[in-house]
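My notes follow in the order I took them.

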Amino acid sequence: MSKYIIKMENIIREYPFKGGVVKALRGANFKIKRGECISIMGPSGSGKSTLMNVIGCLDRQTSGTYILDNIDVNTLNTDERADIRKKIIGFVFQSYNLLPKTSALRNVEMPMIYAKMKRKTRLERSEELLGLVGLSHRIHHLPSEMSGGERQRVSIARSLANDPDFILADEPTGNLDSVMSAEIMKILKNLNDQGKTIIIVTHEAEIANQTQRVLHLRDGIITD
């Protein structure tokens, strides 16, 4: 097993449009070790969202090599990429992406339903994960009955449902105040202390500086 969970070499992503091409990524190169807690930081328009989508197998690079967990992602078909997202990557989004009319327990359970896990196991694991993020008392509450910080904690619990190899968090504190942001970062750092690889995409220096390493993205290129 490679010590690197992610290796990206000369990643280019171009979007053609009438009259030209937008070059969102211009040759990104970096590696991430298993068990690292790193952040990818850059201003608006730097290519952060595009890079996150490539890392998360939500989009394909135009050219370059992406090795994820010893797998050459570019060789995978659509179904195989979906399996990667389901089994290897846990997503945490700025907007939470929770089902609004569904309890916290059910939201956390959803990825395990898609993975065809047995119902008893799903329910037990959902309760365990909500307890891990301090929400044992809120398992039957709807997202609308929770604060932003609580909703993000549900999102983190859901991201862990299928025990992914790494967590990919897109602006996880972007909609939260400083107190709630600190709570979310504490949870993510605790997960990292337990061996989980954490990748945080952010534009906030105070968030990036809490990670072990910061990759700076500018004009589609990793500058350090």
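**Helix pairs and a pocket**

I began with α3 and α5, whose crossing is right-handed. I noted that the model is a predicted one. Which residues make this contact? From α3 I listed Ala104, Asn107, Val108 and Pro111. From α5 (148-159) I listed Val154, Ala157 and Arg158. By class I found 5 nonpolar, 1 polar and 1 charged residue in the contact of α3 with α5.

Next I looked up the geometry of this pair. The axes of α3 and α5 come within 8 Å and cross at roughly 30°. Angles under 35 degrees count as roughly parallel, so α3 is roughly parallel to α5.

**α5 and its partner α6**

I stayed with α5 and turned to helix α6, residues 178-193. At what angle do the axes of α5 and α6 cross? I read roughly 20°, with the axes coming within 9 Å. These two helices are therefore roughly parallel to each other. The crossing of α5 and α6 is right-handed. On the α5 side, I wrote down Gly149, Gln152, Arg153 and Ile156. On the α6 side, the contact uses Met180, Glu183, Ile184, Ile187, Leu188 and Leu191. The contact of α5 with α6 has 6 nonpolar, 2 polar and 2 charged residues.

**α3 and its partner α4**

Back to α3, residues 104-114. I checked it against helix α4, residues 119-132. Their axes come within 9 Å and cross at roughly 125°. α3 and α4 are therefore oblique to each other. α3 passes α4 in a right-handed crossing. From α3, the contact takes Ala104, Leu105, Val108, Glu109, Met112 and Ile113. From α4, it takes Arg122, Leu123, Arg125, Ser126, Glu127, Leu129 and Leu130. I sorted the residues of the contact of α3 with α4 into 8 nonpolar, 1 polar and 4 charged.

**The largest pocket**

Last, I looked up the largest pocket. It holds about 470 Å³ of space. How many residues line it? I found 18, with Arg85, Phe91, Pro111, Tyr114 and Arg158 nearest the centre of the pocket. Which elements each supply at least two residues of the lining? I noted α2 (78-87), β6 (89-92), α3 and α5. The largest share, 4 residues, comes from α3. The lining divides into 10 nonpolar, 5 polar and 3 charged residues.

I then cross-checked two names. Pro111 and Arg158 are in the contact of α3 with α5, and both are among the residues nearest the centre of the largest pocket.

Definitions and conventions
Residues numbered from 1 in each chain as written. Predicted model: local features only at pLDDT ≥ 70, side-chain atom pairs only at ≥ 80, totals over all residues. Heavy atoms only, no water. Axes fitted to C-alpha atoms, helices over the stretch in contact; angles between N-to-C directions. Parallel < 35°, antiparallel > 145°, perpendicular 65-115°, else oblique. Left-handed = near helix turned anticlockwise from the far one by under 90°. Contact = heavy atoms within 4.5 Å. Nonpolar A, V, L, I, M, F, W, Y, C, P; charged D, E, K, R; others polar. 1 Å grid on protein atoms, 1.4 Å probe; cavity = no way out; pocket = protein on both sides within 12 Å on 5 of 7 lines; lining within 4 Å. Points joined across faces, edges and corners; volume = space filled by probe spheres on them.
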